[in-house]
Amino acid sequence: MKLSSPIFFDIPNAEICLYRNFLYDSQEEILYKELLENIAWQQDLIKIYGRKIPIPRLTAWYGDPNMSYTYSGILMNPHPWTLTLSLLKSQIEERIQHKFNSVLLNQYRNGTDSVAWHSDDEPELGETPVIASLSLGASRKFELRSKVKASLDRIELLLNSGDLLFMSGTTQKYWQHQVPKMRRVRESRINLTFRYIIVSGN
Ligand SMILES: O=C(O)CCC(=O)C(=O)O
Ligand SMILES: [Fe+2]
């Protein structure tokens, strides 16, 4: 792990910081290939106006047992941690001093894959969700917009391979984010969002 210092963003009602080049270049490449090949990627369907359409990316959900999670109306049960994912989780936990019990992986096969405007504000994530998001592969735009003040400018970041974005506090409450399509991008990108799910009854 490299100890690059984080960049803090001065955004109203949000806590966002970015660790550029969180991984070593050599680790990045091995990790990217290993995840591409060994993760149980699936393409879910989402219901829009009563019609089921495939979401424009592949996803996979890993985590501690006995957790289920609803994401965009899709109920998911986690696969058990792989060695690679649990090592990566420890590495991130140690650096940012926060515990995670699950990870949602996204694979954007090329620039036509995307994720639409949303907040990660499902009740399972608690009042102030903590999300650590690691990017691998192709660089993609990551945009933020305010939910309450249209007058606030949009924020646009370019997330490169090895970058770790950390969102906490009231970020999900007041802001939405998206990964827009970038049609000229031909390479794939993998993103891992480490989360802490509060299991009901615990
Ligand atoms: O791919 C990204 O950088 C963001 C993914 C995301 O927003 C999510 O999984 O909730
Ligand atoms: Fe998200």
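The protein chain holds three helices and 15 strands; both are DSSP runs numbered from the N terminus, helices being H or I of at least four residues and strands E of at least two. The radius of gyration, taken over C-alpha atoms, is 16 Å, close to the 17 Å of the globule rule for 202 residues, so the chain is as compact as a globular protein of that length. That rule is 2.2 Å times the number of residues to the power 0.38.

This is a predicted model: local features need pLDDT of at least 70, side-chain atom pairs count only at pLDDT 80 or more, and totals for chains, interfaces and linings use all residues. Residues are numbered from 1 along each chain as its sequence is written, while chains are lettered from A and ligands numbered from 1 in the order in which they are written.

Of the 202 residues, 30% count as buried, meaning that 20 or more other C-beta atoms, placed from the backbone, lie within 10 Å of a residue's own.

Now take strand β13, residues 164-168. Four of its five residues are buried. Strand β2 (residues 15-19) pairs with β13 in the antiparallel sense over five bridges; pairing requires at least two DSSP bridges between two strands. Here Ile 16 stands opposite Met 167. Strand β10 (residues 131-137) also pairs with β13, antiparallel, over four bridges. Its Ile 131 has Met 167 as bridge partner.

Last, the annotation. An unreviewed UniProt entry places "domain: Fe2OG dioxygenase" at residues 99-198; such annotations may be inferred rather than shown by experiment. That stretch is 4% helix and 47% strand. Its end C-alpha atoms are 12 Å apart.

Methods:
A residue is buried if 20 or more other C-beta atoms lie within 10 Å of its own, exposed if 12 or fewer, and partly exposed in between; C-beta atoms are placed from the backbone.
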